[in-house]
Amino acid sequence: MTRETPSDRLRLTLDMFRFGVSMKEAQLRRANPRIGERALAAKLKRWLADKPALWTKRDGVYLPTSWREYERRVRHFALGLARLGFGPKDALTIISFSREEWLVADLAAMALGGVPVGIYITSSP
């Protein structure tokens, strides 16, 4: 058995904070990352569900978008792309200013195994 160093302890503490798990769960995850991945992902999803994922400025006021809403938007966009025939290794060209919808389209393309290709509005003719 290897000796725990201060940096190992720090990593475990960060895992505990980041994933909302106990020290024992964090140690188990470090020892074998495959054990409990689904349970950890489910716990993380519940913990983050209503916390802000994004902030968007509308009418001069910053409004939050929760992780739950963000996931819903990505899922719906991905379903729409799939219905249009978008699939693995397809490229999705996104031309826009940096905004929330860009992120949704980007993740939806990757969720379907596609490749998002971002083009900034300043690159247009």
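The buried residues of helix α4 are covered by elements that include β1 (52-58), β2 (61-66), β3 (91-96) and α5. Here contact means heavy atoms within 4.5 Å, and buried means under 20% relative accessible area, with exposed over 50% and partly exposed in between (1.4 Å probe, protein chains only). Helices (H or I, at least four residues) and strands (E, at least two) are DSSP runs, numbered from the N terminus.

The model is predicted: local features need pLDDT of at least 70 and side-chain atom pairs count only at pLDDT 80 or more, while totals for chains, interfaces and linings use all residues. Residues are numbered from 1 along each chain as its sequence is written, and side-chain values use heavy atoms, with hydrogens and water left out.

**Overall organisation**

The protein contains five helices and four strands, arranged from the N terminus in the order α-α-α-β-β-α-β-α-β. Of its 125 residues, 22% count as buried. Among contacts with a separation of 6 or more, 44% are between residues 24 or more positions apart. The accessible surface of the protein is about 9500 Å², and 60% of this belongs to carbon and sulfur atoms; such areas come from the Shrake-Rupley method with a 1.4 Å probe, and for residues only the protein chains shown count as cover.

**Helix α4**

The end C-alpha atoms of α4 are 24 Å apart, which agrees with the 24 Å that its 17 residues should span at 1.5 Å a residue; the expected span is 1.5 Å times one less than the number of residues. Y70, V74, A78 and L81 are the buried residues of this helix. Viewed down the axis of α4, its buried residues fall within an arc of 65°, so they line one face of the helix. The arc is that of the directions from the helix axis to the C-beta atoms. L79 and R83 are exposed on the other side of α4. The helix is followed by G85, which has a positive phi near 100°.

**Aromatic pairs**

Searching the whole structure gives two aromatic pairs. Rings of Phe, Tyr and Trp (its six-membered ring) pair if their centres lie within 6.5 Å; planes under 30 degrees apart count as stacked, over 60 as edge-to-face and the rest as tilted.

| Pair | Centre to centre | Angle between planes | Class |
|---|---|---|---|
| W67 and Y70 | 5.9 Å | 50° | tilted |
| W102 and Y120 | 5.4 Å | 25° | stacked |

W67 and Y70 are three residues apart in α4 (residues 67-83), and therefore separated by about one helical turn. W67 is partly exposed at 36% relative accessibility, whereas Y70 is buried at 9%. W102 is buried, with a relative accessible area of 14%, and Y120 is partly exposed, with a relative accessible area of 49%.

E100 lies in helix α5 and is buried, at 6% relative accessibility. Apart from its neighbours within four places in sequence, E100 is in contact with L54, T56, R58, T65 and R73.

I121 is located in the segment after β4 and is partly exposed, with a relative accessible area of 31%. Not counting residues up to four places away in sequence, I121 touches I95, S96 and F97. I121 and I94 are 27 residues apart in sequence, and their C-alpha atoms are 9.5 Å apart in space.
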